[in-house]
Amino acid sequence: MSFCIITRDDELSKALSLEIKSKINQSYDESNPDIVIAVGGDGTLLQAFHKYPNASLFGIHTGHLGFYSNYSPSDIDEIVSEINNNSFNIEQIDLISVDFIDEDNNKYHDNALNEITIVGPTRTLRLDVFISGEYFERFRGTGFCISTPTGSTAYNKSLNGSVIDPSLKCIQLTEIAGINSNSYRTLSSPLVLSYDKKIKLKAFNIHDAYITVDHKSYLVNKFKEMDVYYAGAKLKMAYKNHEEFLTRIKRTFLKSNQE
């Protein structure tokens, strides 16, 4: 078994990473590790996932409590023991997949833990929306956010999208600053779809678009269309104690009145 460490650029994270590396008796491998330890926060964990999508991830938060990163600096000896003895627990978290192409038929593919977004960098987008091949609406506005249930608490939440229990198998489509007029009429509310549905966004007029997949961004010249769907891809997340969804929501977003 091999491991590597992805570290946020701060003194505490760096010091913890050096301590962890010195205590783990497995081989260190930055090319194809079995285990990746993300020391920092959820942003660091997202970087680790996209760099090593097939590895089992440990998240250690060194700042505010992370939504995904559920180990703390005080858990280092426990993490080292779990890795050295191969005795850790794994939770498999659903990902959503995206394929998109430009007018020259250049093709792109990626998977997202939180969300996929599309926005117009200099002008509003006009997009035809299809659900599993059926025409749904013509949208005009800044763009869309398409999120997983676990990612519903990220950018989607700031767009007033719904917070969804991750035990539900669904994808959420949320507008970003949609324009409604006599010419354009959209649903104007988040749309939650089951995993067997595929979302297609097709350019009504061809121009550039920014597409993000979690923290990654693509500038797509002459964007043509994109498909977002569930294909069974999963993230392997190590956890200390299984934390119920509502508990995670409360500790991340709500101040408890019952201490």
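This is a predicted model: local features need pLDDT of at least 70, side-chain atom pairs count only at pLDDT 80 or more; totals for chains, interfaces and linings use all residues.
Strand β6 (residues 96-102) has 6 of its 7 residues buried, so β6 is largely enclosed by the rest of the structure.

**Strand β6 and its partners**

On one side of the pairing record for β6 stands strand β7 (residues 107-112), which joins β6 in the antiparallel sense over 6 bridges. Within this pair, Ile101 stands opposite Lys107 of β7. The hairpin formed by β6 and β7 has 4 residues between the strands, and Asn105 there takes a positive phi near 65°.

Asn106 also lies in the loop between β6 and β7. With a relative accessible area of 38%, Asn106 is partly exposed. Not counting residues up to four places away in sequence, Asn106 touches Phe100 and Ile101. Asn106 and Leu95, by contrast, are 11 residues apart in sequence and 23 Å apart in space, C-alpha to C-alpha.

Strand β6 is also joined to strand β16 (residues 223-229), through 6 bridges, and the two run antiparallel. The bridge partner of Ser97 in β16 is Tyr229. In general, strands of a sheet pair through backbone hydrogen bonds, either parallel or antiparallel.

**Other strand pairings**

An open sheet of 6 strands has the order β2-β1-β3-β4-β17-β5, with mixed pairing. At its edges stand β2 (27-28) and β5 (89-94), each with a single partner strand, so one side of each is left without a neighbour in the sheet. Within this order, strand β4 (residues 56-61) and strand β17 (residues 234-239) run parallel and are joined by 2 bridges. Leu57 stands opposite Met237 in β17.

Elsewhere, strand β11 (residues 170-178) pairs with β12 in the antiparallel sense over 4 bridges. Ile171 stands opposite Leu193 in β12. In a regular strand the side chains alternate between the two faces of the sheet. Strand β12 (residues 191-194) has Leu191 and Leu193 on a covered face, while Val192 and Ser194 form an uncovered one.

The pairings described above are set out below.

| Strand pair | Sense | Bridges | Facing residues |
|---|---|---|---|
| β6 and β16 | antiparallel | 6 bridges | Ser97 and Tyr229 |
| β4 and β17 | parallel | 2 bridges | Leu57 and Met237 |

Helix α2 (residues 42-51) has 7 of its 10 residues buried, so α2 is largely enclosed by the rest of the structure. The buried residues of α2 are Asp42, Thr44, Leu45, Leu46, Ala48, Phe49 and His50.

Helix α3 (residues 76-84) contains Val80. The relative accessibility of Val80 is 7%, and Val80 therefore counts as buried. Leaving aside neighbours within four places in sequence, Val80 is in contact with Ile20, Lys23 and Ile24. Of these residues, Lys23 is 57 residues from Val80 in sequence, yet the two are 6.6 Å apart in space, C-alpha to C-alpha.

**Loop residues with positive phi**

Asn86 is placed in the loop between α3 and β5. Its phi is near 50°, a positive value in a residue other than glycine. Lys222, in the loop between β15 (216-220) and β16, has a phi near 55°, again a positive value in a residue other than glycine. The relative accessibility of Lys222 is 41%, so Lys222 counts as partly exposed.

**The chain as a whole**

The secondary structure of the chain comes to 5 helices and 17 strands. The radius of gyration is 20 Å, close to the 18 Å that the globule rule gives for 259 residues, so the chain is as compact as a globular protein of that length. The C-alpha trace spans about 65 × 50 × 35 Å along its principal axes.

Of the 259 residues in the chain, 48% are buried. Among contacts between residues at least 6 apart in sequence, 66% join residues at least 24 apart. The accessible surface comes to about 12,700 Å², with 46% of it belonging to carbon and sulfur atoms. There are 27 positive and 33 negative side chains in the chain, and the centres of the two sets lie 6 Å apart.

Notes:
Residues are numbered from 1 along each chain as its sequence is written. Side-chain values use heavy atoms; hydrogens and water are left out. The radius of gyration is taken over C-alpha atoms; the globule rule is 2.2 Å times the number of residues to the power 0.38. Buried means under 20% relative accessible area, exposed over 50%, partly exposed in between (1.4 Å probe, protein chains only). Contact means heavy atoms within 4.5 Å. Accessible areas come from the Shrake-Rupley method with a 1.4 Å probe; for residues, only the protein chains shown count as cover. Lys and Arg count as positive and Asp and Glu as negative; His and the chain ends are not counted. The place of a charge is taken as NZ of Lys, CZ of Arg, CG of Asp or CD of Glu. Two strands pair if DSSP finds at least two bridges between them.
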